[in-house]
Structure formats: structure tokens, C-alpha cells
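Visitor: I would like to learn how the words used for a protein model are decided. Could you take me through them, one at a time?

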Amino acid sequence: MTRNIVDLINFKIRELQKNLLHLKQASFEVNKENLKEDIIRYWGIERGIHICVECVLDIANIIISSLGLERPDSYRETILTLYKQGVIPEQFAKQIVGMASFRNILVHDYTRVDEDIILDVLKNRLDDFAVFAQYITKWLEENH
């Protein structure tokens with residue numbers, strides 16, 4: 001893996017962390033009753049989650065490509081490939097693999113986004129993104 005690839009992964013990690021900070025701030029102010037009170041804020045939350053998921057998938061695809069592996073057929077397989085390559089633990093991969101399906105809903109089936117899922121991610125799942133970044137950073141330190 002070249003220095004440029006490592007730098008690109010670190011850039012994506014910083015982008016992920018930046019978005020997480022904004023989402024964490026929103027998580028303190030938002031609840032089920034006021035989630036859609038301000039539609040612009042709601043769209044921002046939805047888009048922030050989407051960007052976080054895209055960062056995870058981008059990082060995974062960069063690693064897969066840099067290892068010379070065949071590109072997975074689905075986003076779900078992209079996450080599982082990281083586990084198979086020892087980048088993230090199996091249990092964590094199983095925990096976050098749903099991000100891939102959620103990404104497809106956000107992008108392709110956006111009229112059916114479940115507000116309860118957005119709120120759940122905002123209140124309970126943001127740490128998954130931070131943990132992902134920690135695993136990637138650790139893997140980079142140990143392997144490159």
C-alpha cells in the first residue's frame with residue numbers, strides 16, 4: 001500500500017470524524033417529537049448519516065483495491081471482505097453490515113426512509129462509525 005493510499009484512507013477517516021461531530025451535536029437536540037420540526041435540520045441529519053456510511057464504504061473499497069482483491073458484488077460484501085481480510089473483527093462486521101442496506105435506502109428508496117431508523121442511528125449507532133475508524137487506524141498502523 002503506497003503512502004498516497006494511506007493518506008487517502010486517513011483523509012476519509014477525518015471526513016468521517018468531522019461528520020460524526022456534527023451528528024453528535026444534533027443528537028443532543030433531537031428527539032422523536034421534534035425530529036421533523038425543522039425539515040432542513042432533518043435533511044442535514046439524514047445527509048450526515050449518508051456521508052458517514054459512504055466514508056465507511058469508500059475506506060473499505062480503497063483497502064480492498066489496494067490489497068489487489070476482486071471488487072465485491074455488493075456493499076454488504078464489501079464490509080464482510082474487511083472481516084475476511086482481518087481488518088475488522090467478525091462480530092463488528094456483522095454489527096455494521098446493515099449500514100450497506102441502509103445506504104441503499106437513503107440513496108435509492110429515499111421516500112421510504114424510516115424516521116425511527118434515522119433517530120436510532122443518531123442516538124444509538126454513531127459510535128459504530130467511530131469504532132470503525134479506530135479499527136482502520138489500528139490496521140494501518142500494524143500493516144503499513
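Visitor: What makes R103 count as buried or exposed?

Guide: First, a word on the source: this is a predicted model, where local features need pLDDT of at least 70, side-chain atom pairs count only at pLDDT 80 or more, and totals for chains, interfaces and linings use all residues. Residues are numbered from 1 along each chain as its sequence is written, and side-chain values use heavy atoms, leaving out hydrogens and water. Now to your question: buried means under 20% relative accessible area, exposed over 50%, and partly exposed in between, with a 1.4 Å probe and protein chains only. R103 has 10% relative accessibility, so R103 counts as buried.

Visitor: Which residue does E15 form a salt bridge with?

Guide: E15 pairs with K18, and their closest N and O atoms are 3.3 Å apart. Both lie in helix α1, three residues apart, about one turn of the helix. An α-helix has 3.6 residues a turn, so residues three or four places apart point the same way. E15, at 24% relative accessible area, is partly exposed, and K18, at 44%, is partly exposed too.

Visitor: What makes α1 a helix, and how far does α1 reach?

Guide: Helices are DSSP runs of H or I with at least four residues, numbered from the N terminus. Helix α1 (residues 3–29) has 27 residues, so it passes that cut-off. The expected span is 1.5 Å times one less than the number of residues. From first C-alpha to last, α1 reaches 40 Å, close to the 39 Å expected.

Visitor: What do the buried residues of α1 pack against?

Guide: They pack against α2 and α6 (115–143). Among these buried residues are V6, I9, I13 and L16.

Visitor: How do you know whether I88 is buried or exposed?

Guide: I88 has 3% relative accessibility, so I88 counts as buried. I88 lies in the loop between α3 (75–84) and α4 (90–96). Contact means heavy atoms within 4.5 Å, and, not counting residues up to four places away in sequence, I88 touches I79, L82, Y83, A93, I96, F132 and Y135.

Visitor: And what is I40 called, buried or exposed?

Guide: At 56% relative accessibility, I40 counts as exposed. I40 lies in helix α2 (residues 39–66).

Methods:
Helices (H or I, at least four residues) and strands (E, at least two) are DSSP runs, numbered from the N terminus. A salt bridge is a side-chain nitrogen of Lys or Arg within 4 Å of a carboxyl oxygen of Asp or Glu.
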